[in-house]
Amino acid sequence: MLTTYKIELNPTCNHAWLFDCYAGASRWAYNLFLDINKQRYQDGYWYMDAYEFSKWFNNEYLKENPDDTWIKKYYAKSTKQAFIDADRAMKRFFKNKHGYPKFRSFKRGQGSYYFCSNGKKQPIEFQRHRIKLPKIGWVRFKEFGYIPRDAVIKEGRVKQKANRYYVTCIVEVQDTKHPELNGNPVGIDLGIKEFAILSDKAIYPNKNKSNRVKRIRKHLKRIERKESRQYLAFKARNQKEGKSATDLNLAKTQLRMQRLYQHLHNIQSDYQNKIIANVVRTKPQYVSIEDLNVKGMMKNRHLAKAVAQEGFYNFRVKLITKCQQLGIPVHLVNRFEPTSKTCHHCGLKKADLSLDDRVYKCPNCHYVEDRDINAALNIRDTKNFELAY
Ligand SMILES: [Zn+2]
């Protein structure tokens, strides 16, 4: 089985510089592929796939454009992979027929480069505290002993995000035995007031309402205002003098902004990982969640911001992956199933349930339960579901 490990690197200045160069080179290659194939597409030539393009690039393009031979100094495998990535993006475009692939820009933080081992017999060397990257050498990790000792690293990528460098390695690990599932099934109700409510009455509050997150968002707002002011000033200066100016203070502010976004993202993903760990720890027979229509919810402008900040989709992806690793079935409940309106005890559908009723009172059997726990129980027990994998 293949799994991915992502670890932060602790590069020296020289390493960081090299990473940036390599990422820049592969971005350039990606954009070149898109550019040339776009031209050919418009001129009515046939499409060149990654293999053909790579051959043409090395044999013809570089001879005709000697100015671009600098690319030879960089890592050839990473360049080739950039062509393959661009090829995939193009094929996706041909298949779905919407949205020509976008050119990559360092402004959007799309810096990464690919590395791989030299053949099967020489996997990427690594130790508890460092990894030997091709052409660069030993680079230290920030977290020690995370990759298991017997793992075999064949390929990976180095990525930059908010001024930090990460390595993701694809590692071959032995299949682990699935644990025996003998816990009670769990139904999860996701919502805006509380992030998640489980059928076993565990309640996970919405992190976006905590003081910590609110404080960071407030700070972020201020920095964003500053950035916009600096950007406008920078643009005005550029136009006035008629030449390109640089603004290091603007760059500093942008970095601060990126770091705050990263901080918020880290808080959220940590929280979600902990919820998932708690769910999975009981070894439930199955886990059941609502198949939320996130796209539809985003169209409602009253809900959009709250929904976007919660990251329901990420949660769902993470939950399904984790359950798949452990062999726990995941039920996706049909989104039109009336889970909050139905009485869990007798099955009566209460049509006039308003959003303000926080407690569910059944007029038929006098069953009283918290609204969301009632919904979570219904999500757990409904027969109207699809398997997630
Ligand atoms: Zn009832």
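This note sets out points on the fold, the helix packing and selected residues of the structure.

1. Basis of the model. The model is predicted, so that local features need pLDDT of at least 70 and side-chain atom pairs count only at pLDDT 80 or more, while totals for chains, interfaces and linings use all residues. Residues are numbered from 1 along each chain as its sequence is written.

2. Overall architecture. The chain has nine helices and 14 strands; helices (H or I, at least four residues) and strands (E, at least two) are DSSP runs, numbered from the N terminus. Its C-alpha atoms fill a box of roughly 85 × 60 × 50 Å along the principal axes. The domain assignment, which is automatic or from a database, gives domain 1 (2–172) and domain 2 (183–389). The C-alpha centres of domain 1 and domain 2 are 32 Å apart.

3. Of the 389 residues, 25% count as buried. A residue is buried if 20 or more other C-beta atoms lie within 10 Å of its own, exposed if 12 or fewer, and partly exposed in between, with C-beta atoms placed from the backbone. Among contacts with a separation of 6 or more, 68% join residues 24 or more positions apart; two residues are in contact if their C-beta atoms, placed from the backbone, lie within 7 Å.

4. Helices α1 and α3. Helix α1 (residues 13–43) packs against helix α3 (residues 76–96) at an angle of about 40 degrees, and their axes are 8 Å apart. Axes are lines fitted to C-alpha atoms, for helices over the stretch in contact, and angles run from 0 to 180 degrees between N-to-C directions. The angle therefore makes α1 oblique to α3; angles under 35 degrees count as roughly parallel, over 145 as roughly antiparallel, 65 to 115 as roughly perpendicular and the rest as oblique. Residues in the contact include Y22, F33 and N37 of α1 and F83, D85 and M90 of α3. By class, the contact of α1 with α3 has ten nonpolar, four polar and one charged residues. Here Ala, Val, Leu, Ile, Met, Phe, Trp, Tyr, Cys and Pro count as nonpolar, Asp, Glu, Lys and Arg as charged, and the others, Gly among them, as polar.

5. Helices α5 and α8. Helix α5 (residues 248–281) and helix α8 (residues 312–326) pack at an angle of about 35 degrees, with axes 10 Å apart. The crossing of α5 and α8 is right-handed. Among the residues in this contact are Q272 and I276 of α5 and F315, K318 and K322 of α8. The contact of α5 with α8 comprises six nonpolar, three polar and two charged residues.

6. Residue V213. V213 lies in helix α4 (residues 211–241) and counts as partly exposed because it has 18 C-beta neighbours inside 10 Å. V213 and I267 are 54 residues apart in sequence, yet 8.3 Å apart in space, C-alpha to C-alpha. Leaving aside residues up to four places away in sequence, V213 touches K207, N208, L264 and I267.

7. Two lysines with positive phi. Most residues other than glycine have a negative phi. K135, in the loop between β3 (130–133) and β4 (137–141), has a positive phi of about 70 degrees. K201, in the loop between β8 (194–198) and β9 (203–205), also has a positive phi of about 70 degrees. K135 counts as exposed because it has 12 C-beta neighbours inside 10 Å, and K201 counts as exposed with 12 such neighbours.

Technical notes. Left-handed = near helix turned anticlockwise from the far one by under 90°.
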